[in-house]
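Colleague: Could you walk me through how to read this model, feature by feature? I would like the general idea and then the case at hand.

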Amino acid sequence: MSDSNSENIIEFKNVTKTYKLFKNEKKRLISVFSKRVPYKEKKAVDNVSFSIKRGESVALFGRNGAGKSTILKIVTGVTFPTEGAVNVN
């Protein structure tokens, strides 16, 4: 039996989230049906790994565009990583 204070409740392993940026909404819609629509890629989170144990308090801070909101969206299940693994208990 493991100690409940050492249990990881959130774990990120090599997580990357890449967004596809289209020129406009029309191009985004067309991309659903065709893979030939040009887009740019923006990495919001790049190869992030960390774990948070039960009872720990943490803070996310950084510059604008550093990926803080994206990490929170991944933790809450609003969005999903492009690469890597996330475990939230």
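Modeller: We will go from the overall fold to single residues. This is a predicted model, in which local features need pLDDT of at least 70, side-chain atom pairs count only at pLDDT 80 or more, and totals for chains, interfaces and linings use all residues. Residues are numbered from 1 along each chain as its sequence is written, and side-chain values use heavy atoms, with hydrogens and water left out.

Colleague: In which order do the elements of the protein chain run from the N terminus on?

Modeller: Helices (H or I, at least four residues) and strands (E, at least two) are DSSP runs, numbered from the N terminus. Here the order is β-α-β-α-β, giving two helices and three strands.

Colleague: How do I read the pairing of strand β1 with strand β2?

Modeller: Two strands pair if DSSP finds at least two bridges between them. Strand β1 (residues 8–21) and strand β2 (residues 40–53) are antiparallel, with ten bridges; Val 15 faces Val 48 of β2 across the pairing. Strand β1 is also joined to strand β3 (residues 83–88), again antiparallel, by five bridges. There, Lys 13 has Ala 85 of β3 as its bridge partner.

Colleague: What radius of gyration does the protein chain have, beside that of a compact globule?

Modeller: The radius is taken over C-alpha atoms, and the globule rule is 2.2 Å times the number of residues to the power 0.38. For 89 residues a compact globule would come near 12 Å, but this chain has 17 Å. Along the principal axes, its C-alpha atoms fill a box of roughly 55 × 30 × 20 Å.

Colleague: And what share of the residues counts as buried?

Modeller: Buried means under 20% relative accessible area, exposed over 50%, and partly exposed in between (1.4 Å probe, protein chains only). By that reading, 19% of the 89 residues are buried.

Colleague: Is Thr 70 buried or exposed?

Modeller: Thr 70 has a relative accessible area of 10%, so it counts as buried. Thr 70 sits in helix α2 (residues 68–76). A contact means heavy atoms within 4.5 Å; leaving aside residues up to four places away in sequence, Thr 70 touches Lys 17, Tyr 19, Ala 44, Val 45 and Thr 79.

Colleague: Which residues does Val 75 touch, not counting those up to four places away in sequence?

Modeller: They are Ile 10, Phe 12 and Val 88. Val 75 also lies in helix α2, and at 23% relative accessibility it counts as partly exposed. Phe 12 is 63 residues from Val 75 in sequence, yet their C-alpha atoms are 9.0 Å apart in space. For the chain as a whole, consider contacts between residues at least 6 apart in sequence: 71% of them join residues at least 24 apart.

Colleague: How should I read the phi of Asn 14?

Modeller: Most residues other than glycine have a negative phi. The phi of Asn 14 is near 50°, a positive value in a residue other than glycine. Asn 14 belongs to strand β1 and, at 45% relative accessibility, is partly exposed.

Colleague: What about the phi of Asn 47?

Modeller: Asn 47 has a positive phi too, near 55°. Asn 47 is found in strand β2, and its relative accessibility of 49% makes it partly exposed.
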